[in-house]
Amino acid sequence: TSGMKVIPNGGLNLSILDGWWDEGFDPSLGWAIGDRSEPYDEGQQDWMDSKSLYALLENEIAPRFYHRVDNGLPIAWLQMVKASIKTLAPQFSTSRMVADYATKFYMPAAQGFTTLQADSLKAAQEAMAYKKRVVAEWGNVRIDNVTHSDGKIQTVGDELCFSADVALGALTPEDVLVEAVVGKIGPNRDLIDTRAIPMTYAGLNNNAHKFETKIKCEFPGYRGYTVRVLPKNEAIVVAHELPLVRWE
């Protein structure tokens, strides 16, 4: 929290990548001590962090702060302070936090309550029936086949078409959300820095429901994807109300 208070007061952050700084860190806005690795030996971690800290102080922070050839002002330092205030202050603030709670959670919850209790709880009864139906049928949901349009190496800016054949049992395409999850391929061939892209229903394909989407290749490097199926219903405001997912 103290690191957040530094920002509007014209200070710069130097910290380990933990808490809010793990999300807010950018090399143009401050400095990170060490990285996200977590050695099993705490003593080794302290030693590594101390080396990182002293190297930053000596090679980056002190030179930037004490370089004052223009009217005695640390111009590069002040530019970094301004960038930090402009970028981080609106994002990491109590005002933004309260606004997010109100608009993303409290107001939708209040609206949901009003909707569910209307017409003698008709919407609530329909939501409960939907949940029971999905839970009963989820064992029959599976992803049978996933393909993409071109197996060649793609250049940045190209567009790939993805399709998935999904068995839904007694459920309908309107009961579910099918998404392509795209991300960078990590060292263990897991997906990192992912984003979920909704797929559109495209009709029946050999008794399976076909879903499609187009994905633009926006980033260089090795990228991968997988497909998942989630329940979808307007009455399910919070995903954990119905914690079900089926992966490829």
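This is a predicted model: local features need pLDDT of at least 70, side-chain atom pairs count only at pLDDT 80 or more; totals for chains, interfaces and linings use all residues.
Residues are numbered from 1 along each chain as its sequence is written, and side-chain values use heavy atoms, with hydrogens and water left out.

**Figure 1. Overall dimensions and secondary structure of the chain.** The chain has 5 helices and 10 strands, where helices (H or I, at least four residues) and strands (E, at least two) are DSSP runs numbered from the N terminus. Its radius of gyration is 25 Å, whereas a compact globule of 248 residues would have a value near 18 Å; the radius is taken over C-alpha atoms, and the globule rule is 2.2 Å times the number of residues to the power 0.38. Along the principal axes, the C-alpha atoms fill a box of roughly 75 × 55 × 40 Å. Buried residues account for 29% of the 248 residues, with buried meaning under 20% relative accessible area, exposed over 50% and partly exposed in between (1.4 Å probe, protein chains only).

Figure 2. Arg36 and Asp22 form a salt bridge at 2.7 Å, N to O. This pair links distant parts of the chain, with Arg36 in the loop between strand S2 (30-33) and helix H3 (42-66) and Asp22 in helix H2 (residues 20-24), 14 residues apart. Arg36 is exposed, at a relative accessible area of 53%, while Asp22 is partly exposed, at 31%. Glu179 and Arg228 form another salt bridge, at 2.8 Å, N to O. The pair links strand S5 (residues 176-185), which holds Glu179, to strand S9, which holds Arg228, across 49 residues of sequence. Glu179 counts as buried, at 9% relative accessibility.

Figure 3. The structure holds 10 aromatic pairs, in which rings of Phe, Tyr and Trp (its six-membered ring) have centres within 6.5 Å; planes under 30 degrees apart count as stacked, over 60 as edge-to-face and the rest as tilted. Phe65 and Tyr66 form an edge-to-face pair, at 5.0 Å centre to centre and with 90° between the planes. Phe65 counts as partly exposed at 29% relative accessibility, whereas Tyr66 counts as exposed at 61%. Phe162 and Tyr225 also form an edge-to-face pair, with 4.3 Å between the centres and 75° between the planes. Because Phe162 lies in strand S4 (residues 159-167) and Tyr225 in strand S9 (residues 223-231), this pair ties together parts that are 63 residues apart in sequence. Phe162 counts as buried at 6% relative accessibility, and Tyr225 as partly exposed at 26%. Elsewhere, Trp20, Trp21, Phe25 and Phe92 form one aromatic cluster. The charged end of Arg68 sits over the ring of Phe65, 4.5 Å from its centre; the criterion is that NZ of Lys or CZ of Arg is within 6 Å of the ring centre and within 35 degrees of the ring normal.

**Figure 4. A nonpolar surface patch.** Met97, Val98, Tyr101, Phe105 and Tyr106 form a nonpolar patch on the surface, with about 540 Å² of accessible area together. Patches are made of residues with over 30% relative accessible area and no salt bridge, like charges being joined within 9 Å and nonpolar side chains (Val, Leu, Ile, Met, Phe, Trp, Tyr) within 5 Å; accessible areas come from the Shrake-Rupley method with a 1.4 Å probe, and for residues only the protein chains shown count as cover. Met97 lies in helix H5 (residues 94-137) and is partly exposed, with a relative accessible area of 36%.

Figure 5. Most residues other than glycine have a negative phi. Asn206, although not a glycine, has a positive phi of about 55°, and its place is in the loop between strand S7 (200-205) and strand S8 (208-216). Asn207, in the loop between S7 and S8, has a positive phi near 70°. Asn206 counts as exposed at 72% relative accessibility, and Asn207 is exposed with a relative accessible area of 77%.

Notes. A salt bridge is a side-chain nitrogen of Lys or Arg within 4 Å of a carboxyl oxygen of Asp or Glu.
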